[in-house]
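Please open the model in a viewer and keep the selection tool at hand.

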Amino acid sequence: CQRGFLKGIQLGQNIARNIALSENVFMMAICTELRIPLFVVGKPGSSKSLAKDVLSTNMKAGNSESELFRNLKQIHMQSYQCSPLSTPEGIVSTFRQCAKLQKDKDLKKFVSVVVLDEIGLAEDSPLMPLKTLHPLLEDGTATAEESGAMSDHHRVGFIGLSNWALDPAKMNRGIMLSRGVPSEDELRDSARGICSGKESILRRLEETIWKLCKGYFELYKHQSKSQTLKNAQKDEFFGLRDFYSLVKMVYGFAKQAKPGDQISDIELEQSIRRNFSGLDDVNPVEIFIQEFPRLKRLKNPSPICLPVNLIQESLKRTEKEGESRYLLVLTENYAALRLLQCHFQNHDPVIIFGSSFPKDQQYTQICRNINRIKVCMETGRMVILLNLENLYESLYDALNQYYVYLDKQKYVDLGLGNHRVKCRVADKFNKKGRSLKTLTDKSTNTTQRATKTTPMKTIPVPREIDINTSQKKTAVSTNEGDHHASEKHLDTLIAKLRRKKTIMSPADKLPTPPLANQKLEKLAGKQ
């Protein structure tokens, strides 16, 4: 019954019609048809936003391509992007806009739906805007005084999307659909759906897909042992989007291979490292070696799979390889910025800095930064973002690459709260290295809010940005980062000085600067 809702509709390339998508579309369609509030809760990659887009595109009553959707109401979705800047007035305004759209309409054939994207982020707002949902979800009124005075058109449809469960006081005012971790069979079914574009390639990759599924599950379990995540008190760093991107990359390499050939060992290692890098104490290739013993023959890591080379390969992707995710570069003291500037001077990148100064946190400054990004996306210039966690929720659709195609031209939603604008995306913005890059300093704490998925040592990536939407790379400056090698060199130097001490007279001894003497004594005391 659930899979029947996906029959007869067009989905994008490499999109699997899996159980999660079928169930999400089924529940959203039924609840919007009956105007029943629905909360969809699931980890990144559980097809929440994709199901919303499928519904928005196909639920057009008599104009729908699907015979099933022709028998349902026509819907209009009004999205509100939640964030720590959300206000009660903004949410109430969205509900009232939808109510006006339903006025003078035949409610048996039309329904207006409020969609709160990333609704959990609004919990961080000091204004507590989600409390306004209590009366709105019960009878469509904004206040208790208005209760009973409203007509039927004020009751609108509602869908709330979140990566984690909310306060029960809100959730029990509607139906909650929760998506957990998929089983190995569900994951394999999704991977086969991604590779179903060409039957010949799918047959070639059957064994590889099964091994990738088992390797991912082992990696998913292993990351919980990471000391980095334990120190940050977080459960996971890698997720479903990383796995789906891995399968798409393997499929892309298989399409370029000669008929009958498997992808090479280097291509397999490159696919693994490009999607599962970013944790210092987890080596993804060593985990996947259990399923792919042939990777033992390679040098660990291969020269082509060093972080800088992986970044270059990601930016130089070709049309045949398809679009890859934007980059999230984890660095120390923003060393990666110098690397990017050095290697990609020809791209003339636009670098946008953020700060914690009060005026840089104001709504007007956020709008200016969003406009600068919009201009770069329209003109196809590379954008590098530093310390801009206050606007990542405005780039939610862009980071997820949820494009709308109008006359063969790509568009994406940008905005804050209920203020949204369609931005044209130049073709070269997603090719030839011209795209979004996010740099996060892992040595300086940039936010005091709790992080949903916290990468690296003590510095969390703000939870407004879903790190599973991006390829994660660690880049540090070689003359800053290798502390262990420096200490080993100092130990050798101390040993040489001790040997020379026996043949040097007191008059020959040179004075040691106090700071250097303290460092030497500290290191010598460790031995």
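## Stop 1

Helices H7 and H10 are oblique to each other. The model shown here is predicted. To see the pair, select residues 184-194 for H7 and residues 240-256 for H10. The two helices pack at an angle of about 40°, and their axes lie 9 Å apart. The crossing of H7 and H10 is right-handed.

Which residues of H7 and H10 meet? On the side of H7, display Leu-187, Ser-190, Ala-191 and Ile-194. On the side of H10, display Leu-240, Phe-243, Tyr-244, Val-247 and Lys-248. Sorted by class, the residues in this contact between H7 and H10 are seven nonpolar, one polar and one charged.

## Stop 2

Select Glu-206 next; Glu-206 belongs to helix H8, which covers residues 199-222. Is Glu-206 buried, partly exposed or exposed? Its relative accessibility is 21%, and it therefore counts as partly exposed, since a residue is called buried under 20%.

Along the chain, Arg-192 and Glu-206 are 14 residues apart, and 7.8 Å separates their C-alpha atoms.

## Stop 1: a covered helix

Select residues 265-275, which form helix H11. How many of the eleven residues of H11 are buried? Nine are, and the helix is mostly covered. Colour the buried residues of H11 to see where they fall: Asp-265, Leu-268, Glu-269, Gln-270, Ser-271, Ile-272, Arg-273, Arg-274 and Asn-275.

## Stop 2

Move to strand S2, residues 74-81. Six of the eight residues of S2 are buried, and the strand is mostly covered.

## Stop 3: an open sheet of three strands

Strands S9, S10 and S11 form an open sheet in that order, with antiparallel pairing. Which strands are at the edges? They are S9 (404-406) and S11 (419-425), each of which pairs on one side only. From one strand to the next, the twist averages 40°.

Select S10 in this sheet, residues 409-416. Seven of the eight residues of S10 are buried, so this strand is largely enclosed by the rest of the structure.

Follow the pairing of S9 with S10. The two strands run antiparallel and are joined by three bridges. Leu-406 has Gln-409 in S10 as its bridge partner. The hairpin of S9 and S10 has two residues between the strands, and Asp-407 in this hairpin takes a positive phi near 55°.

Then follow the pairing of S10 with S11, which is antiparallel and extends over seven bridges. Lys-410 stands opposite Val-425 in S11, and Gly-415 has Arg-420 in S11 as its bridge partner. The hairpin of S10 and S11 also has two residues between the strands, and here Gly-417 takes a positive phi near 65°.

Finally, show helix H15, residues 363-379. H15 lies across S10 and S11 and runs at about 20° to S11.

## Stop 4: two residues with positive phi

Two loops complete the tour. Select Gln-401, which lies in the loop between helix H16 (396-400) and S9. Gln-401 is not a glycine, yet its phi is positive, at about 60°. Is Gln-401 buried or exposed? With a relative accessible area of 19%, Gln-401 is buried, as the limit for that term is under 20%.

Where does Ala-61 lie? Ala-61 is in the loop between helix H2 (48-58) and helix H3 (67-70). Its phi is near 55°, a positive value in a residue other than glycine. The relative accessible area of Ala-61 is 15%, and Ala-61 is therefore buried.

Note on methods. Residues are numbered from 1 along each chain as its sequence is written. This is a predicted model: local features need pLDDT of at least 70, side-chain atom pairs count only at pLDDT 80 or more; totals for chains, interfaces and linings use all residues. Side-chain values use heavy atoms; hydrogens and water are left out. Axes are lines fitted to C-alpha atoms, for helices over the stretch in contact, and angles run from 0 to 180 degrees between N-to-C directions. Helices (H or I, at least four residues) and strands (E, at least two) are DSSP runs, numbered from the N terminus. Angles under 35 degrees count as roughly parallel, over 145 as roughly antiparallel, 65 to 115 as roughly perpendicular and the rest as oblique. A crossing is left-handed if the near helix is turned anticlockwise from the far one by less than a right angle, and right-handed if clockwise. Contact means heavy atoms within 4.5 Å. Ala, Val, Leu, Ile, Met, Phe, Trp, Tyr, Cys and Pro count as nonpolar, Asp, Glu, Lys and Arg as charged, and the others, Gly among them, as polar. Two strands pair if DSSP finds at least two bridges between them. Buried means under 20% relative accessible area, exposed over 50%, partly exposed in between (1.4 Å probe, protein chains only).
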